[in-house]
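Thanks for coming, everyone. I have one model to walk through this morning. Please look at the screen.

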Amino acid sequence: QVQLVESGGGLVQAGGSLRLSCAASGGTFRNYAMGWFRQASGDKREFVGCITGSGGTPVYGDSVKGRFTISRDNAESAVYLHMNSLKPEDTAVYYCAASARLISVAKADYDYWGQGTQVTVSS
């Protein structure tokens with residue numbers, strides 16, 4: 001089984017930047033596609049971005065495209081979410097997740113989830 005631990009969340013001003021990290025253990029990291037999702041208070045969990053096990057071309061949700069970048073370091077079993085030009089509507093709990101599929105934007109295709117890290121963007 002895979003364990004995932006997010007870190008790097010916090011409070012930032014609108015227009016600022018933040019980098020989230022996700023450390024994985026307990027599996028063969030390169031065999032998993034990795035995704036980031038977020039959930040604002042009272043809302044559904046929303047797809048943010050994903051990347052293949054080998055670090056292939058990432059896919060992003062429309063609301064973050066051009067502002068967020070996902071990357072991974074398989075030697076360190078870690079995946080990152082670089083967030084730029086942050087907006088108040090980016091405020092949410094951010095989760096990383098691992099999938100045995102090649103790539104997916106669907107929550108149901110992810111087998112393991114981290115505990116989440118809070119990102120708050122003030123205006």
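Start with Glu89. This residue is exposed, with a relative accessible area of 55%. Bear in mind that we are looking at a predicted model. Glu89 sits in the loop between strand 8 and strand 9. Now find Gly56, which is 33 residues away along the chain from Glu89. Their C-alpha atoms are separated by 28 Å.

Next, Asp90. Where does Asp90 lie? Its place is also the loop between strand 8 and strand 9. Is Asp90 buried or exposed? Asp90 is buried: the relative accessible area is 0%.

Let me step back to the whole chain. There are 11 strands and zero helices. From the N terminus on, the order is β-β-β-β-β-β-β-β-β-β-β. The radius of gyration is 13 Å, close to the 14 Å that the globule rule gives for 123 residues, so the chain is as compact as a globular protein of that length. Along its principal axes, the C-alpha trace spans about 40 × 25 × 25 Å. Of the 123 residues, 42% count as buried. Take contacts between residues at least 6 apart in sequence: 58% of them join residues at least 24 apart.

The largest nonpolar core has 27 residues. Which members touch the most others? They are Met34, Trp36, Leu81, Met83 and Tyr94. Several strands give two or more residues to this core, among them strand 3 (18-25), strand 4 (33-39), strand 8 (78-83) and strand 9 (92-99). Apart from this core lies another, of five residues, including Phe37, Phe47, Ala97 and Tyr110.

Last stop, Met34. Beyond its neighbours within four places in sequence, Met34 is in contact with residues including Leu4, Cys22, Phe29, Cys50, Ile70 and Val79. Ala97 and Tyr110, which belong to the five-residue core, are also in contact with Met34.

Definitions and conventions. Residues numbered from 1 in each chain as written. Predicted model: local features only at pLDDT ≥ 70, side-chain atom pairs only at ≥ 80, totals over all residues. Heavy atoms only, no water. Core = buried A, V, L, I, M, F, W, Y, C linked by side-chain atoms within 4.5 Å. Buried < 20%, exposed > 50% of the residue type's maximum accessible area, 1.4 Å probe, protein only. Helix = DSSP H or I, 4+ residues; strand = E, 2+ residues; numbered from the N terminus. Contact = heavy atoms within 4.5 Å. Rg over C-alpha atoms; globule rule 2.2 N^0.38 Å.
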